[in-house]
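Hello,

Here is the structure I promised to pass on. Please open it first, then read my notes below.

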Amino acid sequence: MLVTNQLDHYYGQSHCLRGVDLEVAKASCTCLMGRNGVGKTTFAKCVIGLETPKNGEMFYDGYDLFKLSVEKRAAAGIGYVPQGRQIFPLLTVEENIRTGFFASGHGRSSIPDEVYELFPVLLEMKNRRGGDLSGGQQQQLAIARALVLKPTMLILDEPAEGIQPNVVQEIAEVIKMLSHEMAISVLLIEQKLPFIRKVADCFAIMDRGSIVANGRMDELNEDHVSEYLVA
Ligand SMILES: Nc1ncnc2c1ncn2[C@@H]1O[C@H](COP(=O)(O)OP(=O)(O)O)[C@@H](O)[C@H]1O
Ligand SMILES: [Mg+2]
């Protein structure tokens, strides 16, 4: 379980996260939503260690994240699928997947069977270049890369961005499988409400660096949606 208490982050003088309290429960999907620029990606970067918050607390399964390096957080089970996917276009699909091992600083090198079981298209295309894949396939590749370390939590930053609707449905199925069948805690950062409704158990809405509402998905009301989310 991930818990943050009163997390504050600044970029220079700009106060970007303001007292963020968030919980991501085990084996479920929590969606962090909110408009562009409110601080969602910054929050993800603070949790994985790419940014260091100025104040607050962050715990994951009993670990104090402030005391762990980026690599140790990955080794502790936190996986990350960045916004925009950030795959390597000139590496093959298999080489891209193997880069996932570097995140923890471990030398483990055999790709777990479930990665290709979850994404059979990546097995078919394992010798093709990452850049030759469609947007949806690149998203699958980015998730596969994060799964090689067998994370117990996965942070997915806007995985449906720029992907065709039929492929979005496939990504939704994968996220449900990760959270409900593979018992991975998922922190989904997302703005598309139909997609969120398909996969999320809980929500938290961020606005100008603060969490302004949270609860179970069935508690999300239309006022929240019209006030804080894109129409
Ligand atoms: N590296 C950075 N340096 C300075 N400002 C940044 C940086 N990254 C993001 N910001 C600013 O912080 C705010 C939150 O950005 P971000 O976390 O990317 O929001 P979101 O993911 O919700 O769209 C925005 O105003 C953005 O311009
Ligand atoms: Mg973002």
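**Ligand 1 and its surroundings**

A backbone N or O atom of glycine 39 sits 3.0 Å from an oxygen atom of ligand 1. That is a polar contact (a pair of N or O atoms within 3.5 Å). Taken alone, ligand 1 exposes 560 Å², and the protein buries 55% of that (Shrake-Rupley method, 1.4 Å probe).

This is a predicted model: local features need pLDDT of at least 70, side-chain atom pairs count only at pLDDT 80 or more, and totals for chains, interfaces and linings use all residues. Residues are numbered from 1 along each chain as its sequence is written, chains are lettered from A and ligands numbered from 1 in the order in which they are written, and side-chain values use heavy atoms, with hydrogens and water left out.

An N or O atom of lysine 40 is 2.8 Å from a ligand oxygen. For threonine 42 the distance is 2.5 Å.

Helix H1 (residues 40-48) gives the most to the shell, with 3 residues. Helices here are DSSP runs (H or I, at least four residues), and strands are too (E, at least two).

**The magnesium ion**

Which residues coordinate ligand 2, the magnesium ion? Thr41 (OG1) and Gln83 (OE1) do, at 2.0 to 2.3 Å. Donors are N, O and S atoms within 2.8 Å of the metal (3.2 Å for Na, K and Ca); water is not among the atoms, so sites may look incomplete.

The pair links distant parts of the chain, 42 residues apart. Threonine 41 is in helix H1. Glutamine 83 is in the loop between strand S6 (78-81) and helix H3 (93-98).

Best wishes

Terms used: A polar contact is a pair of N or O atoms within 3.5 Å; within protein, one must be able to donate a hydrogen and the other to accept it, and residues adjacent in sequence count only if both atoms are side-chain atoms.
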